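Hello,

I am handing over the structure we talked about. Please have it open while you read the notes.

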Amino acid sequence: MCKSVTTGEWKKVFYEKMEEVKPADSWDFIIDPNLKHNVLAPGWKQYLELHASGRFHCSWCWHTWQSPHVVILFHMYLDKAQRAGSVRMRVFKQLCYECGTARLDESSMLEENIESLVDNLITSLREQCYGERGGHYRIHVASRQDNRRHRGEFCEACQEGIVHWKPSEKLLEEEATTYTFARAPSPTKPQAEAGSGCNFCSIPWCLFWATVLLLIIYLQFSFRSSV
């Protein structure tokens with residue numbers, strides 16, 4: 001059974017994996033809720049996980065929801081002379097869309113997701129801090145598309161300008177279809193329906209009125225002749 005991973009378990013997974021790839025170096029792992037995207041101190045590197053999967057729990061109304069659009073920001077620094085490095089992490093929060101409270105709630109991660117996320121972090125860390133080929137990323141988030149619309153107004157990352165969601169072609173087609181059926185009927189349709197009745201400008205009606213006019217002229221001429 002899957003269980004949620006706490007901050008301590010985040011650190012445990014990271015330390016164990018770093019011990020395997022860089023046993024001679026010392027690294028620390030710090031949770032920093034004030035971390036800013038693209039705001040880096042000299043020498044620091046950045047890695048952004050765009051589509052982690054997490055579960056949120058509203059601390060006000062107890063509503064829970066699953067999101068595949070959890071954004072995680074990492075800042076990394078390595079002092080090669082001291083063989084020591086530091087990683088700072090921020091998990092962006094989401095607002096509860098059920099009760100509308102302004103309180104941002106944190107997500108909990110599943111244990112198997114943490115393994116992949118830390119693997120991606122270490123891959124980026126090896127590439128940017130050590131200049132090595134870190135290998136393949138286990139989750140290719142940049143090209144992922146989702147068939148469910150992401151509510152950016154409830155997302156802390158979206159509100160800070162981080163673009164991390166794009167709709168799938170299927171979703172775009174569904175929205176276009178919905179918009180087409182929701183539009184008001186064309187004004188030409190009632191006109192066409194009205195035109196399907198009697199049209200006094202049609203050829204048969206023109207012939208009829210011409211015949212009536214000739215008949216009136218003939219009767220007037222005959223009446224004057226008889227007088």
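Below is what was found, from the whole chain down to single residues.

This is a predicted model, in which local features need pLDDT of at least 70, side-chain atom pairs count only at pLDDT 80 or more, and totals for chains, interfaces and linings use all residues. Residues are numbered from 1 along each chain as its sequence is written, and side-chain values use heavy atoms, with hydrogens and water left out.

Overall layout. The chain has six helices and eight strands. Helices (H or I, at least four residues) and strands (E, at least two) are DSSP runs, numbered from the N terminus. The order from the N terminus is β-α-β-β-β-β-β-β-β-α-α-α-α-α. Of the 227 residues, 33% are buried (under 20% relative accessible area; exposed is over 50%, partly exposed in between; 1.4 Å probe, protein chains only). The accessible surface is about 14900 Å², and carbon and sulfur atoms hold 57% of that (Shrake-Rupley method, 1.4 Å probe; for residues, only the protein chains shown count as cover). Among contacts (heavy atoms within 4.5 Å) with a separation of 6 or more, 61% link residues 24 or more positions apart.

Strands. β3 (residues 45-57) and β8 run antiparallel, joined by two bridges (strands pair if DSSP finds at least two bridges between them). Phe-56 stands opposite Ser-107 in β8. Side chains alternate along β8 (residues 107-110).

Ser-67. This residue lies in β4 (residues 64-79). Ser-67 is buried, at 5% relative accessible area. Its side chain makes a polar contact with that of Gln-94, at 3.1 Å (a pair of N or O atoms within 3.5 Å; within protein, one must be able to donate a hydrogen and the other to accept it, and residues adjacent in sequence count only if both atoms are side-chain atoms). Beyond four places in sequence, Ser-67 also contacts residues including Ala-52, Gly-54 and Phe-56.

Phe-14. Look in helix α1 (residues 7-21). Phe-14 is buried, with a relative accessible area of 0%. Setting aside residues up to four places away, Phe-14 touches Trp-27, Asp-28, Phe-29, Val-87, Val-118, Leu-121 and Ile-122. Phe-14 and Ile-114 are 100 residues apart in sequence, yet 9.2 Å apart in space, C-alpha to C-alpha.

Ile-217. Helix α6 (residues 203-226) holds this one. Ile-217 is partly exposed, at 46% relative accessible area.

Best regards
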